[in-house]
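Visitor: Can we go through the aromatic rings in this one?
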Amino acid sequence: MADKLSYLEAVHNRRSIYQLKRSSPISDDRIEEIIHQAVEDVPSSFNSQSTRLVVLLKEDHHKFWNIVIDALKAIVPADSWPKTEKRIVGFRDAYGSVLFYEDPKVISDLQAKYAIYADRFPQWSEHTSGMHQYAIWTALEAEGFGANIQHYNPLPDQRAAEVWNIPQEWQLKAQLVFGALENDIVVFQGSEHESAAQLLKGVLVLCLQSPLRVEDVNLRLVGTLRHSWTDFGVLGSKINILQQQWASFVNANGTGETLPAGNYEWPFEYLLPGDTAESIEGIAEAYLTYTLKATISRDKFARDLHAHKALRIVRTLSANSLEFMYAMSIENVWLNKVDYEISIPSKAAVFGNAITLKTRFTPLVKGLDISSITASLLEVRECHIPNLTFPHDKNHRTERIVSTWKIKVTREEDWQSTIEDTIQEGWVVNKRLDLPKQFGQCMQDLNIHGIKVRHKLKVFVPLRNADGHISELAVALPVYIYISPNISLDGQRNLLFPPPRPSSVGTETAVPPGYGDHILDQLYQEIGDENTGIQLQPSSAANLRPDLDLLRPVIHTEQVSTAASLPQQTDHGDTVGSSAGQVDLDANALYELNRVPTYRTAIRTTLRPHSQFDNSLLPDYQTAAGSRDQNHRE
């Protein structure tokens, strides 16, 4: 995110943020890189570089603020301790801290060397420490962190020096606490009929530099739906689909109250119903937004004060939405021209991510050539205003091309003499299609309150015939674009993608895996017998075909459930099965057993009970199919 913000934008967006989470939008290596760059690039008087930094992350950060809690508990009065503890716990629950130290030896050396400025060097050292604090604070918030500066020194100085081997002469000046921002996005899993309610929690913060006379401090949550479209000009309807107002945070009793200077925090919470409509932003003809509105009511001779914060409601796929995980494919033959297959791994695509387009073209006539493929993502939006009477139509439909990709095709790079899993030859082209990352450029699929959005991936393939004539192959695949539950937005409403996380994410917050990820699931644990020399490695859904050499020795009449049931190879090369019944088969016999009769052949075959097994061979395909003729003659 930092490279997308100018310096002045980063300065403007910097805030003291206290509601922080114990997570990070960037890697620890990136955090360390920012700290090192600040140490090297922030100026200091006489190039003194007297600032020293200690970065504490995760458990070390947690341990530091426990040291602060222990030091404060010994000096804070008992009646004030609960409020103080709550504040320090808030710092402890963040992701990390940067401790700003000053090395007094550097200052004393400069004082001795430049005696004329001896009384100035301590002040100049404070200046460079402040610049370090501001530079790192701004840089971290530009990367997506929230942060705040604290000054609990010298309470934790001694203990921190002992725990992290910090030189005793260093003097602690400040502590920068940082962590991920409390998300202003509420995620619902599944449709409005199956998703659970979500708890919205937050804190209303008021910072006063001087006393303020107020009559009321209140907070509202408003969901606004607006249709704004017509063929003859702007015509719209605007309704509030959600209104929630909390009780007053100030007990003024109608007469007003004077709030002294200081910081005030009022927590609030609200249980959003499971059928809450998701936010709609980025299209001109309609929007659905949610806003938290805080108001400080004053007397009639003073203007009321207002603050607004946008809240986004996201509805994503549930863990059992498997119908969107199937591959979408079109396979057909254009007679006397081309045999083709065009597919995408799954119908569902994550907003801002990518779609993998896979194509195969086998020419059926000599001289046919393909030089390019054009893919376009089409967005179709339909709006309807119910139960209202307007002089114009109440239905509106518009289309737009979200993105277009030009794919170059050449015989040198894309032609395969034998296409995998087939005996055909032709062009095989696979292309990653990156989707837009801004809501103004693309919308998620939805169908709520008369607003419907859907997408199609249209593929155009010009076919050059031997005579020079151009024929065009055109197909369309439905695509369902959904928003990831791990979505994060910056100040410009651009998507921020979190760093890769381990695959052990809980299923309660994860959507179904796509095929490309799901094939990595292990189907079998490692099993084997130290006497056999045979070990089955973890397999995947993409490699379910067993090794013919492993199956050839025996076919058991019982299901193999343990390693002891595996066939064992003796020193003489003989095969010994653990189950009583077994049949020695060669490759031809095994092939016969794998032949599957047609449905009509199977239903006309006389059923034979298999209650008793012996060492006789099972009937081959011809024998089984031959019973059909006997039944027909009867």
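Visitor: Which residues form one aromatic cluster with Phe46?
Guide: Tyr114, Tyr117, Phe121 and Trp124 form that cluster together with Phe46. This is a predicted model, where local features need pLDDT of at least 70, side-chain atom pairs count only at pLDDT 80 or more, and totals for chains, interfaces and linings use all residues. Residues are numbered from 1 along each chain as its sequence is written, and side-chain values use heavy atoms, leaving out hydrogens and water.

Visitor: How many aromatic pairs does the count come to?
Guide: 21 aromatic pairs. Rings of Phe, Tyr and Trp (its six-membered ring) pair if their centres lie within 6.5 Å; planes under 30 degrees apart are stacked, over 60 edge-to-face, and the rest tilted. Tyr117 and Trp124 are a tilted pair, because their planes are at 50 degrees, with the centres 5.8 Å apart.

Visitor: And Trp246 with Tyr270, what are the distance and angle?
Guide: Trp246 and Tyr270 are 6.3 Å centre to centre with 80 degrees between the planes, an edge-to-face pair. Trp246 is in the loop between strand E10 (236–245) and strand E11 (257–259), while Tyr270 is in strand E12 (residues 262–272), 24 residues apart. Strands are DSSP runs of at least two residues, numbered from the N terminus.

Visitor: Is Trp246 buried or exposed?
Guide: Buried, at a relative accessible area of 11%. Tyr270 is buried too, at 17%, whereas Tyr117 is partly exposed at 34%. Buried means under 20% relative accessible area, exposed over 50%, partly exposed in between (1.4 Å probe, protein chains only).

Visitor: Switching to charges: which ring does Arg14 lie over?
Guide: Trp137, at 4.3 Å from the ring centre. The charged end of Arg312 sits over the ring of Phe439, 3.9 Å from its centre. The rule asks for NZ of Lys or CZ of Arg within 6 Å of the ring centre and within 35 degrees of the ring normal.

Conventions:
Helices (H or I, at least four residues) and strands (E, at least two) are DSSP runs, numbered from the N terminus.
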